[in-house]
Amino acid sequence: MPPRGSRGPLPPLLLLWALAACAARASEITFELPDNAKQCFYEEIAQGTKCTLEFQVITGGHYDVDCRLEDPDGAVLYKEMKKQYDSFTFTASRNGTYKFCFSNEFSTFTHKTVYFDFQVGEDPPLFPSENRVTALTQMESACVSIHEALKSVIDYQTHFRLREAQGRSRAEDLNTRVAYWSIGEAIILLVVSIGQVFLLKSFFSDKRSTATRVGS
Amino acid sequence: LALYFHIGEREEKCIIEDLPSDTLVVGNYKVQRWDIRTHDFLESAPGLGMFVTVTTPSGEVLLSKLYGPQGTFSFTSYLSGEHIICFQSNSTRFAVIAGSKLRIHLDIRVGEHFLDESAIQAKDKVNEVNVRLEHLIEQIHHVTKEQDYEREREEKFRKTSEETNSNILWWAVVQTLILISIGIWQIKSLRDFFISKKLV
């Protein structure tokens, strides 16, 4: 995770602006959403901040969830039903508490594991240009490019990790289902075929008199 | 501490963190209680504490402590896998009373070793780049650890898929054999039966 809130010494006048605009935060949480449940998260965002909400369902049922994002007035900014994965970027139009909810209310007995990543604001520059007299040195610009590349690497890594977890969950589901179904089918096969023979035998055993009449 | 959510007073809320081994996790939280009189969350609630429990993938409890209404907890994973971090308040009041609920602010950071802010503000050019480079090296180490863990998980995934594949094949063969042998037994048994009943 890139460093947050770390910058050189700022003049006091710019401090307030910096706190409001450069307050970059990212929260990522993986939690379990039981069936018929809804879980909401809230965050206070300043006006003009660019935010990104990304979520993915890792385990459970059909790997889908309802998601809803509302602004402080209650207006719905984003609403999707039964989505497996999505990413939504928006700019806060006003100050206040934004709310986003994940709902598993359509499911009767499967609980889901949901991952979300809510990024607020852009990251502050590594080497802030406020008090700068000269341009960035080669060392510093190398640092900045490595930092950007690493952020991208970590981002891809997280996506890959989640997709792999989802795939593994599906594979384990499939394995259990194949095992149980095969055992069940073999038992049904045995029971039905043995039962058929005994049933047929019982038809002929009861009506012995009818059989001899048929025979003669 | 910006992101928050609500839970009931006696409810336990857990979050899952899939971690490689030897990873440091630091969590900051703040809990507020709903006040029925002012219809708002109290800024501070003295006496309110939070049980933080961390369970390792093997079921062992790594951390189980009672913290105050605001606190920081940290732990280092020694196994790789899904660690479960649970929060429960130590409130003894029943939640039935006026539907009280708690607001929990949460911030969890995985695999970060925080920059020493004072070192950056030392206004020493070389020092600043030095500190940044060290942080970058930490990040790269974390990426490498995650990759090793990913390799383990992918192997488990592949094993499960191969097991499913051989399961399907084996059960299909077994079922065909059962079908054939039962069929033969059925015909034989019925033929013997009809012969004994003098129908054939």
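In what order do the eight strands of the open sheet stand? Let's walk through it; the model is a predicted one, where local features need pLDDT of at least 70, side-chain atom pairs count only at pLDDT 80 or more, and totals for chains, interfaces and linings use all residues. Residues are numbered from 1 along each chain as its sequence is written, chains are lettered from A and ligands numbered from 1 in the order in which they are written, and side-chain values use heavy atoms, with hydrogens and water left out.

**Stop 1: the sheet.** Select the strands in the order β6(A)-β3(A)-β8(A)-β1(A)-β2(B)-β8(B)-β5(B)-β6(B), which pair in the antiparallel sense. At the edges you find β6 (85-91) of chain A and β6 (61-67) of chain B, each with a single partner strand, so one side of each has no neighbour in the sheet. On average, neighbouring strands here are turned by 20° against each other, direction ignored. Strands (E, at least two residues) and helices (H or I, at least four) are DSSP runs numbered from the N terminus, and two strands pair if DSSP finds at least two bridges between them. Axes for the angles are lines fitted to C-alpha atoms, for helices over the stretch in contact, and angles run from 0 to 180 degrees between N-to-C directions.

**Stop 2: strand β8 of chain A.** Strand β1 (residues 25-33) of chain A pairs with β8(A) over nine antiparallel bridges. Show A:Phe31 with its bridge partner A:Val114, then A:Ile29 opposite A:Phe116. Strand β3 (residues 50-59) of chain A also pairs with β8(A), in the antiparallel sense over eight bridges; there A:Leu53 stands opposite A:Phe118.

**Stop 3: a nonpolar patch.** Finally, select A:Leu190, A:Ile194, A:Phe198 and B:Trp185, which make a nonpolar surface patch of about 340 Å². Patch residues have over 30% relative accessible area and no salt bridge; nonpolar side chains (Val, Leu, Ile, Met, Phe, Trp, Tyr) are joined within 5 Å, like charges within 9 Å. A salt bridge puts a side-chain nitrogen of Lys or Arg within 4 Å of a carboxyl oxygen of Asp or Glu, and areas come from the Shrake-Rupley method with a 1.4 Å probe, only the protein chains shown counting as cover for residues. Helix α2 (residues 138-206) of chain A gives the largest share, three residues. B:Trp185 lies in helix α2 (residues 125-196) of chain B and counts as partly exposed because its relative accessibility is 33%.

Terms used. Buried < 20%, exposed > 50% of the residue type's maximum accessible area, 1.4 Å probe, protein only.
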